[in-house]
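Here is a report on one structure, written for a reader who is meeting it for the first time.

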Amino acid sequence: MASTSPFRHVRSVSGHRIPHGCKGFLRRPSQLSSYISQWGSSSDFPAIQCRRSTVSSATQRPIVDSPLLPEYVPPQSGLLSHLPKSVTPYAELIRLDKPAGTYYLFFPCLFSTLMAASVAVPIASPLSVLGTSALFLTGAVVMRGAGCTINDLWDRNLDPQVARTRLRPIARRAITPEAAIVFTGAQLLTGLAVLLQFPTEVFWYATPSLAFVATYPLAKRVTHYPQFVLGLTFSWGAMLGFPALSVDLLANQSALIAAACLYSSNVAWTVLYDMIYAHMDIKDDAKAGIKSIALRHDKDTKTVLTTLAAVQVGLLGAAGTALGMGPVFLVGSCGGAVATLGTMIWRVKFKDVTNCWWWFVNGCWITGGAISAGLLGEYYTRLSATLSPDEPVKT
């Protein structure tokens, strides 16, 4: 007797074979491209099996409405494909293959380091700036991983309800909550080791940020603005570059004002880019009861983003003005931020998951790079002014 399985026969969409049991899903090539970009390359797609929607035992809610749900397939390419199988879930947990979050955590540290380097007395040497930036980058990798682990622990019963997150290691039970807690402790100890490489003052400025790291995942349960809490967390490095280069914020009022404005500017930037990110999950979030600014302002998103961009650039300019920065900063950093943010807000397509992801990932480098370039130019302008024509740059 012939099999009656709904998944026995297949049909083709853009050259890819799709089970007939998934009828009604991926009707157009554009849908298939979006699906592939979210779950893997087109070459991996045939290996993805089709199954019916299931119910989360923890919440008794459907995981997702789509009849086509991919089974987990180990990484077939990239860095994670070369790791031992026992290590791969932990690398996925800290998003080692998705470093955009690390860069977003690093850029505020870099901004404050470059600002502080320009006003330090004596002016910071290029080697000091490079070494401090390298330490901040290392810390960003470690602490972003710890933050992801904490987030996934809090969301272990929510992630199975969202298509994009249902295959995360804790959600799919590749890592137990107990093992994740131990792993978090190891990451925090590593972060402490990095933190102790800085001057002692940095430790006291950095430690309060742990409260935001631990509580951010709770915000999405009680407010439509969890992105603001994320901004308070991710922007903390905007204050740390000053004590890292021995600029005393309590004794230097101009530096204190600059640090406060820079921090607030980065909070606005974080809310802006994470609002775009939140649009990728907007339908599943609504069904799962997860709150976000994208849900709250779905109909006027571009207006909100434009306002956030104006606040970000205005506060960035105020930070530079407090330190007496000149046209290199104003044109490079502020002008660059206006151009890049304006382009992103104009071109991003909120109903296209792939497009939102592209702008989230690349907007980090486009806007962050423009701001950093202006600050670096200002630093070297001031550094050159302190040297005599015949005196080499000290390292």
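## Buried residues and a helix pair

Cysteine 364 is buried, with a relative accessible area of 0%, where buried means under 20% relative accessible area, with a 1.4 Å probe and protein chains only. The model is predicted, so local features need pLDDT of at least 70 and side-chain atom pairs count only at pLDDT 80 or more, while totals for chains, interfaces and linings use all residues. Residues are numbered from 1 along each chain as its sequence is written, and side-chain values use heavy atoms, with hydrogens and water left out.

| Residue | Relative accessible area |
|---|---|
| Cysteine 334 | 9% |
| Cysteine 364 | 0% |
| Threonine 88 | 8% |

The structure holds zero disulfides, a disulfide being a pair of cysteine sulfur atoms within 2.5 Å.

Threonine 88 lies in helix 2 (residues 88-93), helices being DSSP runs of H or I with at least four residues, numbered from the N terminus. Apart from neighbours within four places in sequence, threonine 88 is in contact (heavy atoms within 4.5 Å) with Tyr72, Pro75, Leu80 and Leu83.

Helix 3 (residues 100-119) and helix 4 (residues 126-154) have axes that come within 9 Å and cross at roughly 155 degrees, the axes being lines fitted to C-alpha atoms over the stretch in contact, with angles from 0 to 180 degrees between N-to-C directions. Helix 3 is therefore roughly antiparallel to helix 4, a term for angles over 145 degrees. Among the residues that make the contact are Leu105 and Phe106 of helix 3 and Phe136 and Leu137 of helix 4.

Notes
Buried means under 20% relative accessible area, exposed over 50%, partly exposed in between (1.4 Å probe, protein chains only). Helices (H or I, at least four residues) and strands (E, at least two) are DSSP runs, numbered from the N terminus. Angles under 35 degrees count as roughly parallel, over 145 as roughly antiparallel, 65 to 115 as roughly perpendicular and the rest as oblique.
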